[in-house]
Amino acid sequence: MNKLREDALRIINNSIDSVLPEHAVKSQLSSMSLGENIYLVAIGKAAWRMAKAAKDFLKEKIKNGIVITKYEHSQGIIEGLQIYEAGHPIPDENTLKATRKVIEMIKNLGKDDEVLFLVSGGGSSLFELPNEGIELEDLQKLNNDLLKSGANIVEINTIRKHISQVKGGQFAKIAEPAKIYALILSDVIGDRLDSIASGPAYPDSTTLEDVKKIISKYNLSLPENLLHAFSETPKSLRNVDTYIIGSVNKVCENAKLIAEQLGYNSIILTTTLDCEAKEAGLFLASIARELIEKDRPINKPCAVILGGETVVKVQGNGLGGRNQELALSAARGIYNYEDVIIVSVGTDGTDGPTDAAGGIVDGQTINKLIKQNIDVEFALKNNDSYTALDAIGGLIRTGPTGTNVNDLIFILCGA
Ligand SMILES: Nc1ncnc2c1ncn2[C@@H]1O[C@H](COP(=O)(O)OP(=O)(O)OP(=O)(O)O)[C@@H](O)[C@H]1O
Ligand SMILES: O=C(O)[C@H](O)CO
Ligand SMILES: [Mg+2]
């Protein structure tokens with residue numbers, strides 16, 4: 001493996017390590033003084049690890065607890081906790097079943113009880129009970145349409161919150177009068193608390209008016225029963241304290257630190273990249289060319305680091321994810337350049353409905369694709385970045401990481 005690639009993988013692995021849930025949860029809990037009657041609810045892709053850390057720290061103070069995570073994200077039994085796996089990114093039967101268990105557990109709590117609510121990305125699909133009149137099939141179709149519409153996560157979750165019995169602050173209402181302490185691993189750009197996992201314990205800043213606007217903006221066609229099932233969400237809550245314990249900002253800062261230790265001049269360009277993945281790829285390639293040809297805006301060897309989450313409007317029927325699509329698109333702009341790598345990777349280890357975390361490309365990527373008879377433009381048009389990158393060793397596979405705080409994107413240039 002060449003040095004740039006080796007360094008890139010080291011930056012990826014070490015910076016993801018820095019936002020693993022264990023440390024974040026324990027250091028937050030050690031600064032709090034919780035009582036003796038704690039009920040734990042953990043939702044999201046990082047739920048198991050967050051719950052395990054909390055259980056190790058609080059021990060028998062936790063009276064009961066439920067963990068809901070994505071399939072294959074549980075790492076086994078945690079004594080005293082019930083663990084469920086459910087559908088993601090589309091909710092399924094197990095989502096509803098596990099969510100009902102949570103409601104049963106918290107609906108009769110008293111004012112001396114406390115709920116430790118551990119929240120991570122993916123929670124929207126894993127924790128859900130829709131409003132009366134909405135069948136699971138309706139919910140699944142709506143989620144599917146939303147995910148493919150090109151709407152961003154704030155818009156998607158605005159819709160999700162208004163057809164739900166638990167999202168948009170409603171979970172906190174059900175737990176009243178118990179106090180909720182929410183520890184959040186943010187996967188939403190700008191850390192919007194009412195959007196992360198659709199904010200089950202946070203006052204909702206969005207309204208039914210916003211729902212209407214989003215439906216018309218993306219031309220969504222909803223069945224009649226769904227249109228009648230929307231409901232307004234709470235705009236204030238009195239029983240919740242909220243703490244952000246990890247975010248993409250921290251990943252980028254750590255990536256910068258590691259790159260510097262490896263000898264690269266480093267800058268963080270943004271932690272809020274949120275445009276179309278293909279466009280972001282071309283933009284990054286143009287920055288890479290500037291670095292190579294003009295030594296601007298920093299001198300080689302260098303690392304230019306970005307954080308955020310791009311969007312893909314899926315129109316083809318290929319396989320891929322936003323990070324793979326960004327990387328494949330970027331490859332076009334660094335065609336035949338030497339000593340440069342562009343990487344885009346989801347910190348959760350799962351980019352789109354694939355087993356890859358993201359993509360890694362260089363100046364030879366396009367040549368390798370040509371040798372395999374793969375047309376990069378067609379692959380991009382067909383949203384088939386996975387197949388293309390897989391054929392030429394351009395996928396990054398970390399497996400599920402246990403954390404989930406947006407995407408890390410960077411350019412690495414040799415001397
Ligand atoms: N073939 C494809 N090519 C490119 N992107 C795709 C493709 N299929 C799906 N996607 C994108 O993948 C996204 C879902 O991927 P992923 O599970 O990584 O999202 P996520 O943001 O990590 O999920 P969550 O926000 O629930 O944690 C969809 O929004 C869709 O835009
Ligand atoms: O679950 C969700 O809604 C997304 O991951 C954002 O938190
Ligand atoms: Mg992902």
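Modeller: Six strands form an open sheet in the order S7-S8-S12-S9-S10-S11, with mixed pairing; strands are DSSP runs of E of at least two residues, helices runs of H or I of at least four, both numbered from the N terminus, and two strands pair if DSSP finds at least two bridges between them. This is a predicted model, in which local features need pLDDT of at least 70 and side-chain atom pairs count only at pLDDT 80 or more, while totals for chains, interfaces and linings use all residues. Residues are numbered from 1 along each chain as its sequence is written, and chains are lettered from A and ligands numbered from 1 in the order in which they are written.

Biologist: Which strands stand at the edges of the sheet?

Modeller: A strand with a single partner has one side left without a neighbour in the sheet, and so the edges are held by S7 (265-273) and S11 (395-396).

Biologist: Which residue stands opposite Leu395 in S11?

Modeller: S11 pairs with S10 (residues 358-362) in the antiparallel sense over two bridges. Within this pair of strands, the residue opposite Leu395 is Gly359.

Biologist: Is Tyr264 buried or exposed?

Modeller: Tyr264 lies in the loop between helix H11 (248-261) and S7. A residue counts as buried if 20 or more other C-beta atoms, placed from the backbone, lie within 10 Å of its own, as exposed if 12 or fewer do, and as partly exposed in between. Tyr264 has 25 other C-beta atoms within 10 Å, and is therefore buried.
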